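Hi there,

Here is the structure I promised to pass on.

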Amino acid sequence: MISASINPIDVKTRAGLGFVAASKRPNEFLSLGYDVYGEIVDASEEAKSLIGKCVFGMTGFPNSPGTYADVLDVPLEDVFILPEVKQDVALGGLSLAGLTAMQALQRLPTHLPLYVSAPTGGVGHLAIQIAQLLGYNLIAVTRRPDNPMLSQLSARLGFDVISFDTFFAEQRQGSLLDLVGGEVAKQCLDTLQEGSIIVTVPTITKDMICSQAQSRNIEAEGVVVQKNASQLACLYDWYAKGELTLHIAERFLLQDVNLGHQMMESGDYSGKLLIVANHL
């Protein structure tokens, strides 16, 4: 392992929340982590030619996490083999967040205005870039409209940024990619008109949000990320061309991952939180 990343599902599972924690047997040890970027150091006989190549991907999702590790076994179908040996630790943060953003956006039409909440988070800052690449009419909705990372992306890509107060100030029709959930998502629903569409990512409040949406004649569904080799290849292509950027807020050594969880719980960061191998 060269690098991995911390995702909200890791923090929730560690705290005993969410569907992964609920499926864990009592007193069973469960490691954490799904993202990985690393170098193949050993392989089965039919894959020996891959030794020395670098890969990135999402593995073990959802019930077999374990990329918070120095060495790990990874099924070949879970990773994308890089066309060149590339020492770029940021790739440890691309898979789960990038796949989540792509798969959520696929459920939303391009002809409606697209509102994305929490655009400064790991999924959010990738979602707004991917949405622009896919031709959406994008509006980022945030509690931090003056966030430097978001301001830079807005200036480069040309999308609008509004506060939640501005969003709530008038009725709107469009699509909402909800990356917040809970009471904020419920307030957003109160602002959306009939015929709007919402895709919600936080699983803990998915059922509540979908139920309320349907009562208002708003199409709604939750999304849980799935591994997808072709989408990993697409993400890497965008990244390699500079069309998709990863903002790394902080890097933590494996033995300091608790500090990364504390930062994620504080919400005082933008982009991705990485775990890097001890030798880096």
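Below are my notes on one helix, a sheet and some aromatic rings.

A word on the basis: this is a predicted model, where local features need pLDDT of at least 70 and side-chain atom pairs count only at pLDDT 80 or more, while totals for chains, interfaces and linings use all residues. Residues are numbered from 1 along each chain as its sequence is written, and side-chain values use heavy atoms, with hydrogens and water left out.

Let me start with helix α5, residues 148-157. (Helices are DSSP runs of H or I with at least four residues, strands are runs of E with at least two, and both are numbered from the N terminus.) Met 149, Leu 150, Leu 153 and Ser 154 are buried there, that is, under 20% relative accessible area with a 1.4 Å probe and protein chains only, where exposed means over 50% and partly exposed lies in between. These four sit on the same side of α5, because they cover an arc of only 130° around the axis, taken from the directions from the helix axis to the C-beta atoms. An α-helix has 3.6 residues a turn, so residues three or four places apart point the same way. Pro 148, Gln 152 and Ala 155, on the other side of α5, are exposed.

What do the buried residues of α5 pack against? Their partners are α4 (122-133), β6 (137-142) and β7 (160-163), with contact meaning heavy atoms within 4.5 Å. After α5 comes Gly 158, with a positive phi near 80°.

Two of those partners, β6 and β7, also belong to an open sheet of six strands, ordered β7-β6-β5-β8-β9-β10 with parallel pairing; strands pair if DSSP finds at least two bridges between them. At the edges stand β7 and β10 (219-222), each with a single partner strand, so one side of each has no neighbour in the sheet. Four bridges join β6 to β7, and Val 141 stands opposite Ile 162 in β7.

Finally, the rings: a search of the whole structure finds seven aromatic pairs (Phe, Tyr or Trp rings, the six-membered one for Trp, with centres within 6.5 Å; stacked under 30 degrees between planes, edge-to-face over 60, tilted for the rest). One of them is tilted, Phe 56 with Tyr 236, at 6.1 Å centre to centre and 40° between the planes. Phe 56 lies in strand β3 (residues 54-58) and Tyr 236 in helix α9 (residues 229-240), so this pair ties together parts 180 residues apart in sequence. Both Phe 56 and Tyr 236 are buried.

Best wishes
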